[in-house]
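Thanks for coming. I will go through the interface first and then a handful of individual sites. Please have a look at the model before I start.

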Amino acid sequence: MKLNLFSRKDKKIIKDPLMGENPISIHILGICSALAITTKIDTAVVMTLAVVAVLSISNTVVALLRKLIPNKVRIIIQMSVIASLVSITDEILAAYYYDMSKLLGVFLGLIITNCIVLGRLEAFAMQNSPGKAFLDGMGNGLGYGAILIAVAFFRELFGFGSIYGYNVINDNIYFSGYENNGLMILSPGAFIILGLIVWVHRSYTKVVDKE
Amino acid sequence: MQHYINIIINSIFIENIVLVYFLGMCSFLSISKKVETSIGLGFAVVFVLSITAPANWALNEYLLAEGALAWAGLEDINLDFLQFIVFISVIAAMVQLVEMLLDRFSPVLYYNLGIFLPLITVNCSILGCSLFLVEREYNLAEATVYGFGSGLGFFLAIVSLATIRKRMRYSNVPPTLRGVGMSMLLTGLISMAFLGFSGISL
């Protein structure tokens with residue numbers, strides 16, 4: 001027997017942001033953090049979890065409040081919902097994973113100004129029921145995370161010669177003259193890797209910018 | 001004096017807020033299609049940053065930081081956890097204020113900035129700058145100078161990207177790389193060039 005956990009519509013809500021409607025590579029939202037904390041995969045994973053949590057909870061909260069929020073002050077209300085959730089995430093991280101919270105530094109706080117969160121609240125949560133909004137938040141958070149982890153994978157592999165902290169490049173290769181590419185850890189590497197990932201992803205989904 | 005000039009040079013060239021810290025990327029990429037609008041946005045960011053940096057500095061110093069409420073006789077209260085929510089509301093309020101002032105005193109500039117002015121609220125460079133101020137423990141003068149310098153850095157970066165994108169119109173870029181993909185690669189090259197500035201100080 002097949003378990004029908006999600007209806008087809010719900011599946012679409014989760015699946016779309018992962019491919020054709022990806023927040024980063026198609027809609028170009030939330031790039032700041034995608035670049036800054038992707039020198040290693042573990043920071044990227046923690047950031048993904050934080051964004052998925054903030055995005056799905058804030059989407060649900062705003063969807064619950066959507067009929068009560070006056071149209072004129074909605075941005076301020078949405079911002080305060082996001083800011084409170086980010087503060088909570090920050091405190092939790094600082095309490096249980098202090099080293100990780102030091103590594104993420106100001107970039108965890110910058111989830112507040114991550115355009116994905118405000119964008120989804122405006123575009124989805126204000127018109128839909130809480131359940132759907134929760135799924136949409138999950139989907140977009142995961143779509144964001146997928147790109148983040150892809151960028152981090154390449155930067156860590158070429159910059160440090162490791163994947164998720166494990167060395168994968170054999171010592172013999174280093175002896176034969178291979179060196180880690182320091183540029184990957186610096187900012188230009190991030191821009192170029194993300195640019196190439198956007199190119200590959202858009203060639204696959206056939207999205208073209210008009211310019 | 002030299003110390004302040006150093007902070008400005010540092011925030012424009014060496015630790016450029018867009019090219020090194022990746023802050024404000026969204027508006028940086030989406031509003032660099034035309035040179036004129038990018039200049040307008042650049043000015044607005046300089047303006048807002050030079051106001052919000054000292055304002056948030058003062059709030060943190062006298063209200064939020066550990067032991068900051070000593071002037072009111074409340075030494076044991078630490079409102080650190082309210083930092084994000086207070087900073088973002090100050091930024092939103094300041095942007096609104098700047099909008100009203102511009103509308104009243106300089107309608108031409110207000111008209112030119114248009115929709116970009118309110119959008120500055122969610123520009124990460126503004127909030128990021130305020131958070132960096134706290135992290136680096138600047139004093140009031142340093143904070144103001146740093147805010148101004150970071151704004152200039154954003155201005156320089158966005159205008160240079162816009163001028164390069166204008167030139168790119170004549171080249172044959174693969175269709176799926178056009179727009180964002182190409183701007184990202186261009187930004188990578190600009191930021192590589194800016195790496196050459198590292199180590200400069202007076």
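Chain B and chain A bury about 3,500 Å² between them, with 79% of that on carbon and sulfur atoms. Buried area here is the accessible area, with a 1.4 Å probe, that two parts lose on being put together, summed over both. On the chain B side, B:Phe22, B:Phe84 and B:Thr176 lose the most area to chain A, together 20% of what that side buries.

Before the rest, the conventions. This is a predicted model, in which local features need pLDDT of at least 70 and side-chain atom pairs count only at pLDDT 80 or more, while totals for chains, interfaces and linings use all residues. Residues are numbered from 1 along each chain as its sequence is written, chains are lettered from A and ligands numbered from 1 in the order in which they are written, and side-chain values use heavy atoms, with hydrogens and water left out.

Back to the interface. The contact, meaning heavy atoms within 4.5 Å, takes 41 residues from chain A and 38 residues from chain B. Between the two chains there are zero salt bridges, a salt bridge being a side-chain nitrogen of Lys or Arg within 4 Å of a carboxyl oxygen of Asp or Glu. There are three residue pairs in polar contact between chain B and chain A, both residues at pLDDT 80 or more. A polar contact is a pair of N or O atoms within 3.5 Å; within protein, one must be able to donate a hydrogen and the other to accept it, and residues adjacent in sequence count only if both atoms are side-chain atoms.

Which helices of chain B each supply at least two residues of the side that touches chain A? They are H2 (25-30), H4 (83-105), H7 (124-136) and H9 (180-195). Helices (H or I, at least four residues) and strands (E, at least two) are DSSP runs, numbered from the N terminus. H9(B) gives the largest share of that side, nine residues.

Now B:Phe22 again. It sits in the loop between helix H1 (2-14) and H2 of chain B. B:Phe22 is buried, at a relative accessible area of 5%; buried means under 20%, exposed over 50%, partly exposed in between, with a 1.4 Å probe and protein chains only. Compare A:Tyr164, another residue that is not a glycine, with a positive phi of about 50°. A:Tyr164 is in the loop between strands S1 (162-163) and S2 (166-167) of chain A, and is partly exposed at 46%.

Buried residues in H10(A) include A:Phe191, A:Leu194 and A:Val198. Their cover includes H2 (31-36) and H8 (130-160) of chain A, together with H2 and H9 of chain B. A:Lys206 follows H10(A) and has a positive phi, near 60°.

Two last sites. A:Asp90, in H4 (residues 74-96) of chain A, touches A:Leu108 and B:Phe84, leaving out residues up to four places away in sequence. B:Ser50 lies in H3 (residues 35-64) of chain B, and a polar atom of its side chain is 2.4 Å from the backbone oxygen of B:Val46.
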